[in-house]
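Subject: Structure for you to look at

Hi,

Here is the structure I promised to pass on. Please open it next to this email, and my notes follow below.

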There are 2 protein chains.
Amino acid sequence: MSELFKQLRPILERNAAYHAALSLFSWDNETLAPENAIELTSHIIGTLSMESYSLLVNDNVKSLLEQLSKADDLTESETAIVRILTKQQEDIWKIPPEEYREYNELSAIASSIWAKAKEENNFLSFVPSLKKIISFQKKFASYRKKEGQSLYNVLLNDYEEGITTQFLDQFFDKLHTHLVPLIQRIGQKPQMEHAYNSFHYPKEKQETFCRFLAEHIGFDFSRGVMAQSAHPFTDSLHNHDVRITNHYYEDSLESAIFSVIHEGGHAIYEMNISDDLTLTPATMVSMGVHESQSRFFENMLGRQIEFWKPIFPHLKETYPEQLVNVTLDTFYHGINLSQPSFIRTEADELTYPLHVMVRYELEKQLIDGNLSVEELPEVWNQKFKEYFGIIPPDAANGVLQDVHWANGAFGYFPSYVLGSAMAAQIYSYMEKHLPVKELLETGDLKPIREFLAKHIHQYGAMRPMNRLLNDMMGEGLNVDYYIQYLTEKYSKLYSL
Amino acid sequence: MSELFKQLRPILERNAAYHAALSLFSWDNETLAPENAIELTSHIIGTLSMESYSLLVNDNVKSLLEQLSKADDLTESETAIVRILTKQQEDIWKIPPEEYREYNELSAIASSIWAKAKEENNFLSFVPSLKKIISFQKKFASYRKKEGQSLYNVLLNDYEEGITTQFLDQFFDKLHTHLVPLIQRIGQKPQMEHAYNSFHYPKEKQETFCRFLAEHIGFDFSRGVMAQSAHPFTDSLHNHDVRITNHYYEDSLESAIFSVIHEGGHAIYEMNISDDLTLTPATMVSMGVHESQSRFFENMLGRQIEFWKPIFPHLKETYPEQLVNVTLDTFYHGINLSQPSFIRTEADELTYPLHVMVRYELEKQLIDGNLSVEELPEVWNQKFKEYFGIIPPDAANGVLQDVHWANGAFGYFPSYVLGSAMAAQIYSYMEKHLPVKELLETGDLKPIREFLAKHIHQYGAMRPMNRLLNDMMGEGLNVDYYIQYLTEKYSKLYSL
């Protein structure tokens, strides 16, 4: 190891310890902490966030990073660590410390206020927190923005370096142009059998089956944990402690199943990050790449008939009464049924991008335009009507459904569709090198995981998104694969 | 607030944040963290422990504390905070930083090694960790010891200020003198009906009933959490987040019941600590006082027939088949049955002190004498034979049963008996001021909790143990109440 880099080690170690502690508090708040704990606990979170602030906002660290950025004896992972830590330092330095603390305490509290508001179906009780979060997000973006850059573009870059609304407008436009006619043609077709999906499925059985599913796709329980929360998510302390949550609805067979495959995809990525990178800031190249892996497992693998061949009998054994009349073929068509629906995380692959477009357009207006928080439910419903032709019956099925805004994650949503597009592209490439369908049929997903680990997971944030895709496939992000995949799949499913 | 004390606030805040984070990691390791996480996580724990070390081992903080110790405008709680932080600073300052870090990482790993060793009933796999822990404990005690003080006395003082082996030898001697003849006379009497205790009690039902019991004694679930672990314990992040665990054995009715009452007693104490003191170092006067509260709930309340009168019907409803032939009277005699047994936490009140004496005598020899870790199981069994006339069948039922040594808690065990003695003394005093039995019969424990909160809980570590007892009852710790209580109770139970 470079002598100079050795000097950075204690900084990295402390930075990692603060982030792991904050991650654990966040996990604990979402999964277990008692309701009345959050006020005092958010103060602890504020203090820890200030420790991590003072560690980075520091002339000694700045000068060390400057020297390191000129050093020529660093490894590829060391170079990435220096680059990313420098970026984090520059970003955080622009924010006044008292605002940084206040924001961190606020966002710790806000997600529990959101969870309660969602449970009680009461948007108004979430309004004050959301307004404060948006005001902080705008202020922070204004400190960090470059000449001529819009605030929302600053936020988008936190999740996907280099992505702009200009790019996304075109990207979503193209999707819209190709997908909407397809959706309309499906609307005229007879719908698939799906009543069994909303029979009664007891929580305990769902949890047991989801544990089996997680193991089946390769989630390593000796290095991971599965729990429950209001909204499924993945959290990682390091590559030997990766945690996923699920939410069990007793009137839905599919909800928890596809959540666990989705979060499992995130988790497998985190578990495969190289030991050189875990506990450093260089673990995540972009949210889009991360979502490409969760969406890859959820859709490219989890919604194929071959994926279910070896395990469908076990599903039927788990729910013998509910699924007595359901064949593998019925089930396959059911999990791929496409129709307008209210909840993004439950949406089929084809209408999914429209859910994200709704959020993207509202976010843009909340950050760069004049849309107020009070107008949000109304505008959400209008926009929803425009895209789907239906109006959510209440806030829990509409504007309150996602935790992201409570966490201050504005600019995150587009990553889901960018990730879905990458997933389709990666799948198309993988099929040329691996007998994917055969592997799924035998239930052996190891070669698939190894392929992904080799080309993507191990690198963490070492290589930027397009470089990563290029190194792997000789081509950067190309949305055509996604459009082609959806068109072919759904034309076949609905005999268009 | 004193101007000078205000300067201490940021130090207290950071100190509290590190300790809360370390507490949460420790809770998480015992309850949830995946098996292979501990190696990397212990490194995070080491880093956080060093942050708390550097915060205190610091000339600025030292000088501030010196000024504060001379200030005359501090409140009682501020004075206590300064006194206790100064003591912590003096203690920690004597330990070299690298040893402090290494020890903290080691003890994080050791309790998971212990848990595995206990599960696999394999003492040898725990030997290397235990040897290292003892060696650190002796070394640290040697840094901190006063002229002429024995190492074990240094450790005893961490849990109970001013307590020495000289005091404890006399204390245990007196107990031994009075209790052993009582135990022997009971041995000649016919034993109570108790077969129902080892029928099959499903985990889920136990958990539900324990939740009910926790609520019944006053555990506030809006400020607390109940989970599972290898060994029941209580953890507190602050007075609005207090956590207890339990362990459910399906072949025991009583184990989890008395564990939840015991840990619930600890938790109610923590929940009642004054807001001035929570998140400061001045939350715990002594381990003995803390145990007095858990043992008070477990024994002074939980093993009375009046306690069970209002809730025994619910217990029978929970286990209608198992308890079909069990009356309240049978149950009351069953939970007070006294006989030699292997497990301390399951022991009856009368033989309980002997379990602690075994540990006390072995600890003394491990720290001040020549007893080696390798000899420990053999000497444990000999000592056990001497006190109980029986020999544990294996290490899990013998030397491996408690987590304390894995946590480095040498000197802790005597607090259980000191606490039991205090509990008996407090109960005798309480009866003069509250109709305790009537309250138990009506299931209204609030006045009892308020009495304890008023005289004990709220003060945290503000007043030393004997001052606290004196302020309340006009008398310091007096073991006679305990002896009298046990003698009367068991003479009646066994018609001696």
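Helices (H or I, at least four residues) and strands (E, at least two) are DSSP runs, numbered from the N terminus.

Before you go further, please note that this is a predicted model: local features need pLDDT of at least 70, side-chain atom pairs count only at pLDDT 80 or more, and totals for chains, interfaces and linings use all residues. Residues are numbered from 1 along each chain as its sequence is written, chains are lettered from A and ligands numbered from 1 in the order in which they are written, and side-chain values use heavy atoms, with hydrogens and water left out.

Back to the sheet. Strand 1 and strand 3 (residues 241-246) of chain B run parallel to each other over 5 bridges; two strands pair if DSSP finds at least two bridges between them. They belong to an open sheet of 3 strands in chain B, with the order 1-3-2 and mixed pairing. Strand 1 (224-228) and strand 2 (234-238) of chain B are its edges, each pairing on one side only. On average, neighbouring strands are turned by 20 degrees against each other, direction ignored. Helix 10 (residues 254-272) of chain B packs on this sheet and touches strands 1, 2 and 3, its direction making about 165 degrees with that of strand 3 of chain B. Axes here are lines fitted to C-alpha atoms, for helices over the stretch in contact, and angles run from 0 to 180 degrees between N-to-C directions.

Now the interface. In chain A, 37 residues are in contact (heavy atoms within 4.5 Å) with 37 residues of chain B. The two chains bury about 3000 Å² between them, 68% of it on carbon and sulfur atoms; this is the accessible area (1.4 Å probe) lost on being put together, summed over both parts.

Across this interface there are 6 salt bridges, each a side-chain nitrogen of Lys or Arg within 4 Å of a carboxyl oxygen of Asp or Glu. In one salt bridge between the chains, Arg14(B) pairs with Glu51(A), the closest N and O atoms being 2.9 Å apart.

Over all chains the structure holds 58 salt bridges. Among them is Glu99(A) with Lys139(A), at 3.9 Å between the closest N and O atoms. Glu99(A) lies in helix 5 (residues 97-120) of chain A and Lys139(A) in helix 6 (residues 127-144) of chain A, so this pair ties together parts 40 residues apart in sequence.

Best wishes
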